[in-house]
Amino acid sequence: MALLKLTKMKKLKYILALCLLVFMASCAFKGYKFNGASIDYSKTKTIQIAEFPVRSSYVWGPMGPLFNNRLKDQFADHTKLIQVKRNGDLKLEGEITQYTQRNKSVTSDGRSAQTELAMTVNVRFTNSKNHAEDFEKQFTSTASYETTKSLNAVQEELVTQMTKDLVDQIFNATVANW
């Protein structure tokens, strides 16, 4: 009897998994993907992504290329939009406006225990197919590290983390309609 119950449970699990797979496939065919993009590809085919220069007074050299490459890769990997140099149906431009650090917490004897890095990007988005979606907005991401570590030791990891977060925010605000 226990063997029969186990077999019925397995069958039920397989049926539920199959139903979930069919549901996910049907959603992808209707133009909605689980990566968040909801684009009408019959109207919107291209995107123009300008280089975002670093306009912050404090700069870490690789920050600009890291951000620009990740932004372009996000749209290439998660949409069917063709990236063009000009006259895109969608247009993204802006600049990295701030890269700062500040004390986040202090020990009982008054020394810094944690430092917070912050990166802010100003974005101008234009949708030539629907100007009601146009915006100019700032996106900020932060990451903290223990003050016992040097900024040089953690900077690449933290900037990479903040860049990923910023690119996700920009992607969601532009093509995910969240």
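Accessible areas here come from the Shrake-Rupley method with a 1.4 Å probe, and for residues only the protein chains shown count as cover. This is a predicted model, where local features need pLDDT of at least 70, side-chain atom pairs count only at pLDDT 80 or more, and totals for chains, interfaces and linings use all residues. Residues are numbered from 1 along each chain as its sequence is written, and side-chain values use heavy atoms, with hydrogens and water left out.

**View 1. The whole protein chain, from end to end.** The accessible surface comes to about 11,300 Å², and carbon and sulfur atoms account for 56% of that. Inside, 33% of the 178 residues are buried (under 20% relative accessible area; exposed means over 50%, and partly exposed is in between, with a 1.4 Å probe and protein chains only). Look for 3 helices and 5 strands, which follow the order α-β-α-β-β-β-β-α from the N terminus. Helices (H or I, at least four residues) and strands (E, at least two) are DSSP runs, numbered from the N terminus.

**View 2. Inside the largest nonpolar core.** A nonpolar core is a set of buried Ala, Val, Leu, Ile, Met, Phe, Trp, Tyr and Cys residues joined through side-chain atoms within 4.5 Å. The largest one here has 33 residues, with Phe-67, Leu-71 and Leu-92 making the most contacts inside it. Elements giving it two or more residues are β1 (46–49), α2 (63–78), β3 (90–106), β4 (112–127), β5 (135–146) and α3 (151–176). Of these, α3 gives the most, with 10 residues.

**View 3. Zooming in on Leu-71.** Which residues does Leu-71 touch, leaving aside those up to four places away in sequence? They are Ile-49, Phe-52, Leu-92, Val-167 and Ile-170. A contact means heavy atoms within 4.5 Å.

**View 4. Strands β3, β4 and β5 side by side.** Two strands pair if DSSP finds at least two bridges between them. β3 and β4 run antiparallel, joined by 15 bridges, and β4 pairs with β5 in the antiparallel sense over 12 bridges. For a closer look, find Glu-95, whose bridge partner in β4 is Asn-122. Then find Thr-120, which stands opposite Thr-140 in β5. In the hairpin of β3 and β4, there are 5 residues between the strands, and Gly-110 takes a positive phi near 90°.

**View 5. Asn-87 in its loop.** Asn-87 is in the loop between β2 (82–83) and β3. Its phi is near 60°, a positive value in a residue other than glycine. Most residues other than glycine have a negative phi. Is Asn-87 buried or exposed? Asn-87 is exposed, with a relative accessible area of 68%.
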